[in-house]
Amino acid sequence: MSLDERYHPDWPVMSRWVRQEFGNRCARCKLSGDEDAIALQVHHIDENPGNNALENLIPLCSRCHLQLSLIHISEPTSPLYISDAVFCWKKKRGGGGGGGG
């Protein structure tokens with residue numbers, strides 16, 4: 001298996017860590033990768049697979065991943081897309097959810 005060269009060579013380890021950091025749950029809808037028998041995907045908030053900064057990565061179920069990707073495709077700078085994805089990290093890190101347009 002060869003990874004897309006845009007991804008970090010340790011992508012499998014990084015993506016597993018991100019899923020574990022969020023309790024193996026979708027960052028948006030909270031479905032569990034364990035209990036709900038879903039495959040969690042790790043999403044690059046800025047849509048750049050070369051940007052593997054941990055604050056740019058969130059685990060999403062396939063439904064939420066598709067929803068965010070469709071919003072990004074239709075309007076890449078949409079405040080809804082940006083604030084929704086960033087809110088997941090702020091909430092995870094214990095920060096408030098206030099702000100956002």
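Q: In what order do the elements of the protein run from the N terminus on?
A: In this predicted model, the secondary structure comes to three helices and two strands. Read from the N terminus on, these elements run in the order α-β-β-α-α.

Q: How do strands E1 and E2 run, and which residue in E2 does Gln-41 stand opposite?
A: Strand E1, which covers residues 41-44, is joined to E2 by four bridges, and the two strands run antiparallel. Within this pairing, the residue in E2 that stands opposite Gln-41 is Leu-60.

Q: Which residues point one way from E2 and which the other way, and are they buried or exposed?
A: Leu-57 and Pro-59 point one way from the strand, whereas Ile-58 and Leu-60 point the other way. Buried here stands for under 20% relative accessible area, and on both sides of E2 these four residues are all buried.

Q: Which residues touch the most other members of the largest nonpolar core?
A: The largest nonpolar core holds 15 residues, and the elements that give two or more residues to this core are helix H1 (11-21), strand E2 (57-60) and helix H2 (62-74). The members that touch the most others are Cys-26, Leu-57, Ile-58 and Leu-60.

Q: With which residues is Cys-26 in contact, leaving aside its neighbours within four places in sequence?
A: Cys-26 is one of the core residues that touch the most other members. Once the neighbours within four places in sequence are left aside, the contacts of Cys-26 are Leu-31, Leu-40, Pro-59, Leu-60, Cys-61 and Cys-64.

Q: What share of the residues of the protein count as buried?
A: The accessible surface of the protein comes to about 6100 Å², of which 53% belongs to carbon and sulfur atoms. Of the 101 residues, the share that count as buried is 34%.

Note on methods: Residues numbered from 1 in each chain as written. Predicted model: local features only at pLDDT ≥ 70, side-chain atom pairs only at ≥ 80, totals over all residues. Heavy atoms only, no water. Core = buried A, V, L, I, M, F, W, Y, C linked by side-chain atoms within 4.5 Å. Buried < 20%, exposed > 50% of the residue type's maximum accessible area, 1.4 Å probe, protein only. Contact = heavy atoms within 4.5 Å. Areas by Shrake-Rupley, 256 points an atom, 1.4 Å probe, with all protein chains shown as cover. Pairing = 2+ DSSP bridges.
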